[in-house]
Amino acid sequence: MAHRIQSITAGFVVTIMVLLATICDAQLSSTFYDSTCPNALTTIRTVIRSAVSKERRMAASLIRLHFHDCFVQGCDASILLDDSSSIESEKTAPQNLNSVRGFNVIDQAKTEVEKVCPGVVSCADIVAVASRDASFAVGGPSWTVKLGRRDSTTASKSEATSDLPLFTDDLETLISGFSKKGLTARDMVTLSGSHTIGQAQCFTFRERIYNNASDIDAGFASTRQRGCPSLNSDENDKKLAPFDLVTPNSFDNNYFKNLIQKKGLLHSDQVLFGGGSTDSIVSEYSKNPTTFKSDFAAAMIKMGDIQPLTGTAGIIRKICSSIN
């Protein structure tokens with residue numbers, strides 16, 4: 001009898017846990033704004049398409065903005081908050097300072113959405129939708145964005161500094177950092193593939209292209225040196241270079257082909273293919289762009305699920321850079 005009660009109790013606990021997990025997951029829904037702001041997604045898409053058509057690099061910037069948001073306090077638009085008497089902005093963390101961009105595009109999208117549905121759509125959701133629309137605008141995959149995130153009233157520069165990846169990170173550090181956010185090594189490699197449409201500042205790869213190491217193609221290093229002088233200066237440090245020299249404006253799998261040829265721009269790129277545990281994933285994506293794109297879409301959805309504020313948590317900001 002006692003055994004039977006114990007079994008029933010255990011089954012009940014499991015059922016409750018499953019129900020709770022289902023409820024939490026259900027708080028985000030692709031149809032969240034269907035009745036309250038049916039034109040939200042088309043309004044956002046129009047702004048993003050316009051921004052990317054003016055500057056293709058903006059696509060990579062918007063994808064990165066979503067990534068840097070979700071890795072700090074979850075996908076809550078905390079990265080958009082400016083310094084104030086109560087907030088130390090994440091924008092000044094080393095990984096974000098003079099690097100993360102696209103804030104003006106998100107602000108523009110928010111302004112347009114507020115015109116049609118004031119006080120309804122969160123900045124966090126706009127960032128998530130913008131990353132999807134940016135990807136698709138440059139030939140990348142599209143995916144169904146789950147919606148219903150709310151905006152934080154706080155930011156964490158300290159968490160941004162500790163949790164966002166660095167261009168100097170080794171493979172194990174990268175895997176560990178992504179694992180902390182519930183993402184696998186495969187997710188990490190997949191998401192790194194968005195670098196295929198990105199650009200990097202000279203100071204982030206200068207040491208790599210001038211150190212004559214065995215993990216960089218000599219011709220590639222020489223080519224990159226022409227656009228990135230060895231002399232440290234504010235002007236030189238900010239010089240930009242595309243991660244992919246072949247098709248810098250197209251979302252494709254060249255990033256992975258480059259890694260196999262020892263043509264990764266950043267140290268944190270090349271470690272993905274250097275005799276470690278992720279070599280096979282890089283090889284797979286270099287041969288199969290379709291797999292890469294489908295995995296990228298799935299990884300972006302997964303990343304968008306990191307600790308969202310839902311229900312009555314958080315707020316809906318009127319202006320994305322402040323808590324009003």
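Tutor: Before we start, a quick definition: a helix axis here is a line fitted to C-alpha atoms over the stretch in contact, and angles run from 0 to 180 degrees between N-to-C directions. Keep in mind that this is a predicted model.

Student: At what angle do the axes of helix 14 and helix 15 cross?

Tutor: Helix 14 covers residues 279-287 and helix 15 covers residues 289-303. Their axes come within 5 Å, and the crossing angle is roughly 115°.

Student: How are helix 14 and helix 15 oriented to each other?

Tutor: Angles of 65 to 115 degrees count as roughly perpendicular. The crossing is at roughly 115°. Helix 14 and helix 15 are therefore roughly perpendicular.

Student: Which residues of helix 15 make the contact?

Tutor: On the helix 14 side, you'll find Glu284, Tyr285 and Lys287. By class, the contact has three nonpolar, one polar and three charged residues. From helix 15 come Pro289, Thr291, Phe292 and Asp295.

Student: Zooming out, what is the radius of gyration of the protein chain?

Tutor: The C-alpha trace spans about 70 × 55 × 40 Å along its principal axes. With 324 residues, a compact globule would come out near 20 Å, which agrees with the chain's 21 Å.

Student: What share of the residues of the protein chain count as buried?

Tutor: To count as buried, a residue needs under 20% relative accessible area. Out of 324 residues, the share that passes is 47%.

Student: And how much of the accessible surface belongs to carbon and sulfur atoms?

Tutor: The protein chain's accessible surface is about 15,000 Å². Carbon and sulfur atoms make up 55%.

Notes
Residues are numbered from 1 along each chain as its sequence is written. This is a predicted model: local features need pLDDT of at least 70, side-chain atom pairs count only at pLDDT 80 or more; totals for chains, interfaces and linings use all residues. Side-chain values use heavy atoms; hydrogens and water are left out. Helices (H or I, at least four residues) and strands (E, at least two) are DSSP runs, numbered from the N terminus. Angles under 35 degrees count as roughly parallel, over 145 as roughly antiparallel, 65 to 115 as roughly perpendicular and the rest as oblique. Contact means heavy atoms within 4.5 Å. Ala, Val, Leu, Ile, Met, Phe, Trp, Tyr, Cys and Pro count as nonpolar, Asp, Glu, Lys and Arg as charged, and the others, Gly among them, as polar. The radius of gyration is taken over C-alpha atoms; the globule rule is 2.2 Å times the number of residues to the power 0.38. Buried means under 20% relative accessible area, exposed over 50%, partly exposed in between (1.4 Å probe, protein chains only). Accessible areas come from the Shrake-Rupley method with a 1.4 Å probe; for residues, only the protein chains shown count as cover.
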